[in-house]
Amino acid sequence: MFQELFTPSVQHALDLVGIFVFAISGALLAVRKNFDVFGIAVLAEVTALGGGLLRDLIIGAVPPAAFTDLGYFLMPLVATVLVFFLHPQVERIQAGVNVFDAAGLGLFCVTGTTKAYEYGLGLTFSAALGLATAVGGGVLRDVLANEVPSLLRWDRDLYAVPAMVGATMVVLCIRFDALNAVTSGLAVVTAFVLRLLAMRYHWRAPRAWNRRSEATEEKATAQ
C-alpha cells in the first residue's frame, strides 16, 4: 500500500508537515475572526486533525492517531504560536502556504483512502472516507468559525474535486490490483497538481442549470 512509498519515519514527517500547514490555515482564520489565543489553538487543532479523527472513528481505529502520537497534537500548537505572534508575516506568504496545503490535500486523500480500505471498507466508501480525511478538518474549521464551508461555496476554487480524483485513482488501482508505490505517488501528485491549477486558473464547479436567482451570488460577492 501507500506506506511502501516511504519509510515510516519519512511518512511520519510528511504527516506532520501536512498537519502543520492545515493548522496554519485554521489559525489564520481564527485571527481574522478576532478569536483569542485559545480560540486560535482550537481552530488550528480542529483543522489539522479533524479529518483524520473522523476517519479513524468511522473505521474503528481507536484510539485515533491524533490521541496516540504526541507530535500530531503538538504540531497545531506550534502553528498557533507562530500565527499568534507573526500572523502579518504569515499572511504575506499565503501563496506558499496554499502550495503546501495542496500537497497535504493530495497526501491525506490517498492515505485516508488506503487506510479505510485496509480496515475493511469497500472501494466506494474508502474513497468517500479518503475525501473526508482530506477536507473534513476544513469543514469543521469553517463551521466553528460560523462560515459557510469553503468547499460548498461557488466562489471558491475547486478543493474537494482534486481530493475526489486522488481518492478515485487509489480505489481504481486497488480494483485492478495495481496499487503500489508508483501509482500511490501518482495519485498524490495528480490531486496536488489539480488543486494548484484550480488556484491558478480559478476553476470552480458549475452551479444549478438555468439558475435565475441572483440573491446568493450577490451575497457571496459582498462577503
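A nonpolar core is a set of buried Ala, Val, Leu, Ile, Met, Phe, Trp, Tyr and Cys residues joined through side-chain atoms within 4.5 Å, where buried denotes under 20% relative accessible area, exposed over 50%, and partly exposed the range in between (1.4 Å probe, protein chains only). The model is predicted: local features need pLDDT of at least 70 and side-chain atom pairs count only at pLDDT 80 or more, while totals for chains, interfaces and linings use all residues. Residues are numbered from 1 along each chain as its sequence is written, and side-chain values use heavy atoms, with hydrogens and water left out.

The largest nonpolar core holds 40 residues, of which Ile-24 and Ala-134 touch the most other members. Helices here are DSSP runs (H or I, at least four residues) numbered from the N terminus. At least two core residues come from each of α1 (8-32), α2 (37-59), α3 (70-92), α4, α5, α6 (160-175) and α7 (181-201); α1 gives the largest share, 10 residues. Leaving aside residues up to four places away in sequence, Ile-24 is in contact (heavy atoms within 4.5 Å) with Ala-79, Leu-82, Val-83, Val-90 and Val-97. A second, separate core of five residues includes Ile-59, Ala-116, Leu-129 and Ala-132.

Helix α4 (residues 94-118) packs against helix α5 (residues 123-144), their axes coming within 7 Å. Axes are lines fitted to C-alpha atoms over the stretch in contact, with angles running from 0 to 180 degrees between N-to-C directions.

Most residues other than glycine have a negative phi, and most peptide bonds are trans. A cis peptide bond, with omega about -10°, joins Val-62 and Pro-63; Pro-63 is placed in the loop between α2 and α3. Asn-146, not a glycine, has a positive phi of about 60° and lies in the loop between α5 and α6. Asn-146 is exposed, at a relative accessible area of 70%. Asp-177, in the loop between α6 and α7, has a positive phi near 55° and is exposed at 74% relative accessibility.
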